[in-house]
Amino acid sequence: MLTSLAIEGYRSIRSLVVPLAPLTVVTGPNGSGKSSLYRSLRLLAAAGRDGAVAALAREGGLASTLWAGPEAGMPSSGPAQGTVRKNPVALKLGFAADAGGFGYAIDFGLPIPLGASMPTLFGRDPVIKAEAVWSGAVLRPATVLSDRRGPSARVRGDDGWRTLGRQLAPWESMLSEFGDPTATPEIIGLRADLRDWRFYDAVRTDAAAPARRTVIGTRAPILASDGSDLAAALQTIREQGDSADLDAAIERALPGSRFEVEDRAGGFALLLRQPGLLRPLEAAELSDGTLRYLIWAAALLSTRPATFLALNEPETSLHPGVVEALASLLVSAASRSQLVVVSHSAALVAALEEAGATVHRLEKSGGETVLAGQGRLDAPPWSWPAR
């Protein structure tokens with residue numbers, strides 16, 4: 001289980017270490033930094049997938065993601081003013097785990113100018129300055145398993161440190177480039193963990209949403225990130241998962257309703273039978289809220305639970321009366337996967353807090369995102385790898 005998330009130099013977050021629990025809820029007013037915290041998780045996952053530098057580019061590049069305030073933080077009084085920078089430009093992200101897991105941190109910066117004799121259009125491309133993988137909750141010399149400074153990476157073995165032969169390009173993460181099961185087992189293990197992280201923030205419910213279409217049906221133990229295989233995912237749960245839990249989840253939110261999946265020449269069509277109606281409703285006819293709830297049911301009752309699952313505002317489009325049913329789904333899922341839920345809904349936050357979730361409330365202090373009630377000595381211990 002992840003025990004903490006650390007962010008430094010990311011948009012409105014100058015420096016933040018957030019404790020994580022099996023079910024962690026993040027809430028706060030608009031503009032408090034919830035989206036930045038959620039996106040930082042996506043960037044960390046990208047380090048083990050298609051590349052964190054490419055993910056930064058999709059967010060507008062390093063310049064648009066860096067801490068937007070003064071380097072030393074907001075002044076205690078008076079307006080914020082720019083000063084001469086004393087430290088290198090840096091965006092740092094990381095997480096720590098319990099005794100059975102791996103911690104990881106990555107440090108992005110700007111490239112060293114090549115000079116007039118070597119012109120380049122990539123002078124603003126972020127580069128990876130440092131990375132580290134360690135065991136347990138705190139990075140310290142005794143817990144480091146592998147690290148990287150600049151292009152050089154090394155791993156710790158039974159006979160001490162060994163430098164890996166291949167030099168890394170500035171945009172390459174050691175998580176995506178090294179995969180020797182004998183030399184770098186911890187990198188392979190961490191990469192597998194990161195690739196199992198799931199995010200469902202791009203699921204649409206508009207008229208042209210992928211979840212409303214009839215698509216060729218194949219077993220779907222993991223719901224697609226866009227919900228396009230919703231019918232197959234629900235049918236997979238019915239045949240191979242806990243169909244009783246699925247039926248109960250639908251009954252809590254939509255009393256008297258039941259879903260059916262119809263095979264249409266190999267294409268799976270999702271139908272919903274509701275009390276009082278003479279025919280079932282097709283997926284294209286469902287309300288946004290009903291469709292979204294079915295998507296959450298398919299994601300949270302997956303027959304192959306994720307190690308880590310992050311949801312951004314899952315209450316969107318849902319009727320207030322369905323919030324309790326959603327909270328029950330989330331609490332049940334947290335017994336199989338570690339969850340981080342970002343929510344605006346006071347009712348959902350209250351229901352999850354009553355069920356035992358850890359709730360963090362973000363707020364702005366002079367423009368800087370902080371954790372409400374967290375003093376300087378209250379944050380989990382954290383150290384960044386040296387450049």
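A residue is called buried when its relative accessible area is under 20%, exposed when over 50%, and partly exposed in between (1.4 Å probe, protein chains only). By that rule Lys92 is buried, because its relative accessible area is 16%. The model is predicted, so local features need pLDDT of at least 70 and side-chain atom pairs count only at pLDDT 80 or more, whereas totals for chains, interfaces and linings use all residues. Residues are numbered from 1 along each chain as its sequence is written, and side-chain values use heavy atoms, with hydrogens and water left out.

**Lys92**
- Lys92 lies in strand 4, which covers residues 91-97.
- Beyond its neighbours within four places in sequence, Lys92 is in contact (heavy atoms within 4.5 Å) with Ala6, Ile7, Glu8, Ile106, Asp107 and Trp384.

**Overall fold**
- The protein contains 10 helices and 18 strands, taken as DSSP runs (helices H or I, at least four residues; strands E, at least two) and numbered from the N terminus.
- The C-alpha trace spans about 75 × 55 × 45 Å along its principal axes.
- Among contacts with a separation of 6 or more, 62% join residues 24 or more positions apart.

**Burial and surface**
- Of the 387 residues, 48% count as buried.
- Carbon and sulfur atoms hold 53% of the accessible surface of about 17900 Å², computed by the Shrake-Rupley method with a 1.4 Å probe.
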